[in-house]
Each structure stands twice: as structure tokens, then as C-alpha cells.
Amino acid sequence: MRFCVLRNLRSFLHGMYAGIPIGLGYFAVSFAFGIQARAAGLSAVQAFLLSGTNLTSAGQFAGLAVIQSAGSLATLALTQVVINLRYCLMSCALSQKLSAETPFAHRFLMACGVTDEIFGVSISVRGYLSPYYLYGQTVVAWPGWAFGTLSGALAGNILPSSITAALGMALYGMFVAIVVPAAREDRKVLSVVFAAALLSMLFWYCPILSSISPGTRIILVTFLTAGTAAFCYPMPSAEVRHGS
Amino acid sequence: MEADSIWLAIAVMAGVTYAIRMLPLVILKREIRQPNVRAFLYYVPYATLTAMTIPAAIVEAPTLISGLSGVFIAILLAFWRVSLVLVAAIASFTVWIVEAFL
């Protein structure tokens, strides 16, 4: 029993160490999110709570777009499902890394910390994943994300507009950093990315299509391009890879 | 959106996002084997992130030239596998520099 506690503590501390770069990166990116959240009409407290309860860049960012365009809650929910669908895949993969004896309580709690980065670190451990390793990362990464947002939401007002405008590029830079390396390695991903970019521009500039709200546009482009790719390039079990 | 519905929006986003993360961990004891479903889940993030970035990153920047520069630098750095945080930071810096000197 005592041995077990020590082993869990060890996993937790290892996780905290692995979480340091994640937390620092989150702070920088969520600072930009905080500024954008204020611009979308959220208070600093609302922005902080949004980041604290969601812990996801792309989903929150798309959510802001829906809130800003006064979209319905159904649109908002659907946007979150589509954009955060990758977490479903990640959780599926993580469920395979857990010992079958892992209690339900751990599974419910672990779900709070499934992000691109924490998933990437957790899935790369040898053997079974200790839930405590994931908790260690989460307790370091979460404050970075939540307080980064709060700082951005509070400081956004006092920063000159040239700096807030430049920080707006930070989130997009992060998205590019996720997509480009994968597209470089996998030509199928590259074709999905090209198709999505073209279609998205079409939706943006075409006279009638441009009246579609940003959330709906993102959902439509995603379903059309990822759906076509899934139809053309099915993926047998052995070949699966996970975006980080 | 009204102040009240923003709270509601936050709750909806948190609930949906948590459910997506939690359900597979709790329900799934075996891995998904259907090749089209696997492929779809694999391609979704790339399609979504691209649709969110293009053309929003360029048209939302203060000017077309700074937006294009920021995205171009980000793609270049990401192609060289520069880390996520650095790509985000340098892309922002690029927008600021271009705006400051043009």
C-alpha cells in the first residue's frame, strides 16, 4: 500500500515536470485569447471561467466567434462537438493506454486534462499510463491556461492596439504549428488542408456563401473535407497516428 | 450576446467539451476498428484548424500585408518543425514589426 502511494507520487511529480513547458506555452497563447474574449464582449471573470472549464484553444476560439455573432446555443454546441471531436479520438487512444483495472473515478477525472499537448505527452509513455502522470501535467498546465487568459483579459485594455493586434496572430500561429508538420509528413493530410483552405476561402468571399456564420462555415468545411478524406483514404487499425 | 446568455454559453461549451473527452474514456473498452470512422476522426482536427485559420488570420490582421507576413512566417517555421510556442510568438512579432515599419 505504501509502495503504491510512493509510485503514484512519483508519477505525479514526473507529470508536473513534463507539464512545465506546456503551462508556459499555454500562458502565452491564452493571453491572446483573453484579449480576444474581451473584444467579443466577455468580462475578465467570464473569460477566466471559460478557459478554466474548457481548457481548449481551438474550441474556445470558435466559441467566441459564435458568441460574437450572436449564434444560437445549438450552433455553439454543434461547433464544440465538431471542433473538439479530436479529443474523442484522443480519449479513445488514451482508454487503450489504461490498465483495465483503472477505476471509473480516475477515468472521469482524467477527462478534464485531455488536451492536444497533454495527450501527446501521455500517449508517449511506455506501458500503461498512470492517471497520476496525467494529473501532474494538468495541475501545471491548467493555471497557465486559466491565468494567462485572465491576464490577457485584464491587461488587454492597457496594451496599445498595435500589440493586441499582433497577439491576435498567436493563436493562428499555434494552429499552423499543429497542421503544417502533419501535412508535411502525410500527403493525405496535406490534401485535406489544401481542400479546407480553398473551401474556406470560397465560403468567405462568395456572395451568398459569405452570409453563413463563422461557426457554421467551420463545421461545413470540416465535414466536407474530412468526410471526403475519410471516404477516400480509410484508415486500418495498425496505421493510425495521433495529431499532437 | 446578452450577459446572461454568455454564462449559459460558457456552461454549454464546458459541458459539451467535457462530455467529448469523458465518454470514450468511460465507455470504450475496445478500440474503434471501422476504418472510415478512424480516418474521419484523424482528419477532423486538420480540416478544422485550417478552416479557422484561412482566411481569418489574414483578414483579421490590421493590414493584408502584415496578415500575409504573419501566416507565411508561421508556415515556414512550422515546416522546419520549430516548437508550437515559438511559432506563435514569432508570428505575432512579425505582425507587429510589419505594422511598425510600414
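This briefing walks through a few features of the structure above. It is a predicted model. Chain A and chain B touch each other, with 88 residues of chain A and 64 residues of chain B taking part in the contact.

**Where the chains meet**
- On the chain A side, helix 9 (residues 161-185) gives the most to the contact with chain B, with 21 residues.
- That side of chain A divides into 62 nonpolar, 22 polar and four charged residues.

**A helix pair in chain A**
- Helix 3 (residues 57-68) and helix 4 (residues 73-83) of chain A pack with their axes 9 Å apart, at an angle of about 155 degrees.
- Angles over 145 degrees count as roughly antiparallel, so helix 3 and helix 4 of chain A are roughly antiparallel to each other.
- Their crossing is right-handed.
- Among the residues that meet are Ala58(A), Ala62(A) and Val66(A) from helix 3, and Leu76(A), Thr79(A) and Ile83(A) from helix 4.
- By class, this contact has five nonpolar, five polar and no charged residues.

**Backbone details to look for**
- Most residues other than glycine have a negative phi, and most peptide bonds are trans.
- Leu55(A), not a glycine, has a positive phi of about 50 degrees; Leu55(A) sits in the loop between helix 2 (44-54) and helix 3 of chain A.
- Leu55(A) is buried, with 25 other C-beta atoms within 10 Å.
- Arg81(B) also has a positive phi, of about 60 degrees, and belongs to the loop between helix 4 (64-79) and helix 5 (84-101) of chain B.
- Arg81(B) is exposed, with 11 other C-beta atoms within 10 Å.
- The peptide bond from Ile54(B) to Pro55(B) is cis, with omega near -5 degrees.
- Pro55(B) is in the loop between helix 2 (35-53) and helix 3 (56-59) of chain B.

Methods: Residues are numbered from 1 along each chain as its sequence is written. Chains are lettered from A and ligands numbered from 1 in the order in which they are written. This is a predicted model: local features need pLDDT of at least 70, side-chain atom pairs count only at pLDDT 80 or more; totals for chains, interfaces and linings use all residues. Axes are lines fitted to C-alpha atoms, for helices over the stretch in contact, and angles run from 0 to 180 degrees between N-to-C directions. Helices (H or I, at least four residues) and strands (E, at least two) are DSSP runs, numbered from the N terminus. Angles under 35 degrees count as roughly parallel, over 145 as roughly antiparallel, 65 to 115 as roughly perpendicular and the rest as oblique. A crossing is left-handed if the near helix is turned anticlockwise from the far one by less than a right angle, and right-handed if clockwise. Two residues are in contact if their C-beta atoms, placed from the backbone, lie within 7 Å. Ala, Val, Leu, Ile, Met, Phe, Trp, Tyr, Cys and Pro count as nonpolar, Asp, Glu, Lys and Arg as charged, and the others, Gly among them, as polar. A residue is buried if 20 or more other C-beta atoms lie within 10 Å of its own, exposed if 12 or fewer, and partly exposed in between; C-beta atoms are placed from the backbone.
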